[in-house]
Amino acid sequence: MASRNKAGIRRWLKGLMLRRMHRMITCKEFEDFVLDYLEGGLSDRQRATFEWHLRLCRECREYLAAYRRTVEIEQAAFASPDKAVPRDVPDDLIKAVLDARKR
Amino acid sequence: MPDEPSPPKAAASAQAPRNGTADAEQLVRKHIGWMLALSERILRDRGLAEDAVQEAFADAFRGLERFEGRSSLKTWLHRITVNASLTKLRQLKRLAEQPIDEYLPEFDQYECRIEAPWTHLTPLEDALESEVLRARVSEAIEALSDSYRIVLQLRDIEGYNTKEVSALLGISESNVKVRVHRARAALKKLLEPILRGEVR
């Protein structure tokens with residue numbers, strides 16, 4: 001019970017700090033910038049604010065690392081998708097395509 | 001509804017058959033394999049993919065006379081195949097936006113992120129070495145509704161940029177970005193057992 005209260009107080013304090021600090025954003029606001037940050041689409045000032053939040057927030061730091069790894073895994077798992085070509089293209093499909101051309 | 005891709009212009013290309021059944025058959029045999037695979041990745045159904053590829057070739061043959069080789073024939077056919085496959089998805093009403101909230105990041109009432117501590121983050125190489133893990137990645141992508149899966153497919157896997165995806169899907173660029181981010185965040189949640197090293 002006491003530890004739950006402690007955790008609650010810590011979160012309340014963190015929320016208060018993020019909302020009150022100069023040029024700081026909350027974690028919820030941070031979320032809106034993630035894609036643009038990773039694609040270099042933020043202004044210098046926005047990037048500085050984003051990175052300032054990252055330095056102070058463990059949860060967002062770890063979240064971003066896991067998010068990045070997710071994208072890496074997704075892209076690597078499907079790299080060169082055209083190499084995964086089905087070998088069994090049915091002849092009747094080829095014939096149907098060619099017949100349709102004649103019509 | 002995205003615009004029908006216009007045939008590439010500029011210098012005439014020897015890649016495109018001008019006339020004759022033999023040329024057409026050569027073109028079909030050369031490209032149908034990867035076009036079918038592409039369409040099947042989008043539609044997740046072999047039968048529908050075969051229909052879409054037939055329609056893609058019909059579109060291609062109609063536009064071929066005007067094909068002049070501004071981009072490669074393959075790039076042009078790729079776009080036509082994506083369009084034909086997306087048209088099928090639309091006809092099946094599978095592109096409507098579905099709720100994805102259960103997979104999205106959570107925040108408390110103070111707008112602080114709720115994220116369990118990460119004591120382990122699986123290295124990329126480890127995740128890709130295992131066929132089991134690869135299968136899990138495919139399953140996770142399949143678990144997303146089509147409206148989110150398709151933006152990941154087009155952007156992260158097929159290599160289209162935000163503007164191109166916006167044109168293909170007929171939605172704004174900002175909507176594409178929102179969907180890409182949400183889809184990736186949802187994918188992260190679905191892949192967490194792998195990322196945390198709980199599945200090997």
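User: Start with one residue. Which residues does Arg113(B) touch, leaving out those up to four places away in sequence?

Analyst: The model is predicted. Read such a list by chain. From chain A, Arg113(B) touches Cys27(A), Glu59(A), Cys60(A) and Tyr63(A). From chain B, the list holds Pro105(B) and Phe107(B).

User: Where is Arg113(B) placed?

Analyst: Look up the element next. Arg113(B) lies in strand S2 of chain B, residues 113-114.

User: Is Arg113(B) buried or exposed?

Analyst: Count neighbours. A residue is buried if 20 or more other C-beta atoms lie within 10 Å of its own. Arg113(B) has 21, so Arg113(B) is buried.

User: Now the contact between the chains. How many residues does each chain give?

Analyst: Count each side on its own. Chain A gives 40 residues and chain B gives 45 residues.

User: Which element supplies the largest share on the side of chain A?

Analyst: Sort the residues by element. Helices H1 (2-20), H2 (27-31), H3 (34-38), H5 (58-77) and H6 (91-102) of chain A each supply at least two residues. The largest share, 16 residues, comes from H5(A). Then sort by class: this side of chain A has 25 nonpolar, four polar and eleven charged residues.

User: What is the make-up of chain A itself?

Analyst: List the elements, then check burial. Chain A has six helices and zero strands. Of its 103 residues, 17% count as buried. Contact range comes next. Among contacts in chain A between residues at least 6 apart in sequence, 40% join residues at least 24 apart.

User: Turn to chain B. Which domains does the assignment give?

Analyst: Begin with the bounds. Domain 1 of chain B covers 21-91, and domain 2 covers 101-195. Their centres, taken over C-alpha atoms, are separated by 27 Å.

User: How many residues of the two domains of chain B are in contact?

Analyst: Seven residues of domain 1 of chain B are in contact with six residues of domain 2. On the domain 1 side, helix H1 (21-43) and helix H3 (73-91) of chain B give two or more residues each. H3(B) provides the largest share, four residues. By class, that side has four nonpolar, one polar and two charged residues.

Methods
Residues numbered from 1 in each chain as written. Chains lettered and ligands numbered in written order. Predicted model: local features only at pLDDT ≥ 70, side-chain atom pairs only at ≥ 80, totals over all residues. Nonpolar A, V, L, I, M, F, W, Y, C, P; charged D, E, K, R; others polar. Domains from an automatic or database assignment. Buried ≥ 20, exposed ≤ 12 C-beta atoms within 10 Å, placed from the backbone.
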